Amino acid sequence: MIDSTLLKRPEGYIDGQWTAADDGGTFEVLNPANCKALAEVPAMGDGETRRAIAAAKRALRLAPPYSLARRREWLTDIRDALLDEKEEIGRILCLEHGKPWKEAQGEVEYAAGFFDYCARHLDLLASRKLEERPKGCDWEVHFRPIGVAALITPWNFPIGMIAKKLSAALAAGCPTVIKPASETPLTMIAAFTLMHERVDLPPGMVNLVMGRAGPIGDLLCAHPDVPMLSFTGSTEVGKGLIDKSRDQVKKLALELGGNAPFIVFDDADLDAAADNLIGNKFRGGGQTCVCANRIYVQAGIAEAFADKLVERVKALRVGDGMDDDIDIGPLINRAGFEKVRRHVADALAKGGTLLAGKHPDDLDPDRGLFYPPTVVAGVTPEMECTREETFGPFVPMITFDDEDEAVTAGNDTEFGLAAYVFTGDDERAARVIAGLRFGHVGWNTGTGPTPEAPFGGMKLSGIGREGGEEGLMEYVEPQTVPRGG
Ligand code: ADP
């Protein structure tokens, strides 16, 4: 069992109080590195969520609203608390998610960056006067908090994902009901411990429920006192949330699945492209929605690029994220492991060539959830790994001949979250990037989102943006006041 000063009460949090489940029920949180229990946390449902919504509603202040100065203080206090406790939150995150401890600490810094960004740009939410006087009136625009916001987060960035949502919600003055993924609730509880102990938030401003995703999600969708729901997770669940919140005409912010192409042209710096692919593809063990999922390499350089890639992949160390010098931890659970194994097996059965890694028949999740980084060449569009997001350390390589083919293949997905283009030709880059229907396109970089810039999906990858000025505006509703006389 985990022992931490940030997990003194591994419970939910409603109206400023730590709270067990009404029926006393709990569920186990496992360490994927050894499949042993780390903690038992409350299995909550409809009743607790209803109380959390009521507490949040009481915390909403419209007249007068929470001042910008007070909101800025919440944001900077959370930022400082996260940075002060970076190592311990990183340790909890590593233990329940599996990603290397150093990488986990990087995620805590990334999370703190969202609170920092919102604090520094809060004046964007100040009321403004129009310079013009249309219709003989003075016009003012106020940015009102939309109201209680439900925030549902996935397991792959246990602190990063909530930071994106909560920073913008608090900046707007919106009280929140938060539901973390059942695989990784401990990092969230640690963040709540910090908010409880170090941040002067009104009771009900932040509430934490965990447990039965179905009933909790259903209530958050159907409840008239929750006008906004922000969700990051699978497209399948996201579509269900759209259906269920229809009657409330709820504002939705959805960051859903991806299927990122990584396109390398023959005029690219191949070493830089290979380094960036390693950094991008194996972050979080390949379990992020911005990880490259389909690697397109121009035919003339395919072999040279594969050599560079395989050399780097073979140097990666897989193991328990708490050990020193580990690059890749375990996958989150058995289902995740089986999905990667299925994709690799399918690619090999359909004619792909294994360049690095092990044959799937030689792997057994009963011996641990550590999946060896794998490279397969000769991948074709019929293979499962090009149609679906693998979410694991598997690099499928596909060759292409010309620019049009690369753009068409890159866009041949219902998703549109992240893409990457490597080329030394600026004009080609401009053409290719404009043709790719993805919300984030890295040019000669495999970097993902940052607090300072908007991030979100096109097509089935979602609605809305997180980060940047656009993300800061997600939780406010403009109220326009023409003044006559
Ligand atoms: P992933 O594949 O990343 O686990 P999910 O969409 O299954 O993605 O989960 C993302 C988040 O959505 C988690 O917090 C999960 O508990 C929650 N979730 C799962 N099913 C539902 C549902 N029916 N309603 C609301 N939230 C759900």
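Let's start with a β-α-β unit. In this predicted model, β18, α14 and β19 make one, and the unit is right-handed. Strand β18 covers residues 418-422. Helix α14 runs over 426-435. Strand β19 takes in residues 440-443.

How do the two strands of the unit run, parallel or antiparallel? β18 and β19 run parallel, and 4 bridges join them. Look for A418 in the structure. In β19, H440 stands opposite A418.

β18 has a partner in β12 too. These two also run parallel, with 3 bridges between them. Here V264 is the residue that stands opposite F422 of β18. β12 itself spans 260-264.

Next, helix α13. This one is residues 403-411. Which of its residues are buried? They are E403, A406, V407, A409, G410 and N411. Keep a rule in mind here. An α-helix has 3.6 residues a turn, so residues three or four places apart point the same way.

β12 pairs with β18, and α14 is part of the β-α-β unit.

The N-terminal end of α13 has a cap. The capping residue is D402. One of its side-chain oxygens lies 3.3 Å from the backbone nitrogen of D404.

Step back to the whole chain. The protein is divided into two domains. Domain 1 is made of two stretches, 5-256 and 461-483. Domain 2 is 260-451. Their C-alpha centres lie 31 Å apart. How many residues meet across the boundary? On the domain 1 side, 29 residues are in contact with 26 residues of domain 2. The area buried between the domains is about 2,200 Å². Carbon and sulfur atoms give 65% of that area.

Another sheet, now. This one is open and has 3 strands, in the order β5-β6-β22. The pairing is antiparallel. Which strands stand at the edges? They are β5 and β22, each with a single partner strand, so one side of each is left without a neighbour in the sheet. β6, residues 138-145, is joined to β22 by 8 bridges. As one example, R144 has E477 in β22 as its bridge partner.

Two single residues next. L122 sits in the loop between α4 and β5. Is L122 buried or exposed? L122 is buried, because its relative accessible area is 0% and the cut-off for buried is under 20%. Beyond its sequence neighbours up to four places away, L122 touches L68, R71, R72, L75 and A171. A168 is 46 residues from L122 in sequence, yet the C-alpha atoms are 9.4 Å apart in space.

N31 is our second residue. It is found in strand β3, residues 26-31. N31 is buried as well, with a relative accessible area of 6%. Leaving aside neighbours within four places in sequence, N31 is in contact with K36, L38 and L95. From N31 to V310 is 279 residues in sequence and 30 Å in space, C-alpha to C-alpha.

Last, some backbone exceptions. Most residues other than glycine have a negative phi, and most peptide bonds are trans. Here is a cis bond. It joins A63 and P64, and omega is about -5 degrees. P64 lies in the loop between α1 and α2.

Then come two positive phi values. D325 has a phi of about 60 degrees, and it is not a glycine. D325 lies in the loop between α10 and α11. With a relative accessible area of 53%, D325 is exposed. For N444, phi is near 55 degrees, again positive in a residue other than glycine. N444 is in the loop between β19 and β20. N444 is partly exposed, at 36% relative accessible area.

Technical notes
Residues are numbered from 1 along each chain as its sequence is written. This is a predicted model: local features need pLDDT of at least 70, side-chain atom pairs count only at pLDDT 80 or more; totals for chains, interfaces and linings use all residues. Side-chain values use heavy atoms; hydrogens and water are left out. Buried means under 20% relative accessible area, exposed over 50%, partly exposed in between (1.4 Å probe, protein chains only). Contact means heavy atoms within 4.5 Å. A polar contact is a pair of N or O atoms within 3.5 Å; within protein, one must be able to donate a hydrogen and the other to accept it, and residues adjacent in sequence count only if both atoms are side-chain atoms. Two strands pair if DSSP finds at least two bridges between them. A crossover is right-handed if, with the strands pointing away from the viewer, the path from the first strand over the helix to the second runs clockwise. Domain bounds come from an automatic or database domain assignment. Buried area is the accessible area (1.4 Å probe) that two parts lose on being put together, summed over both.
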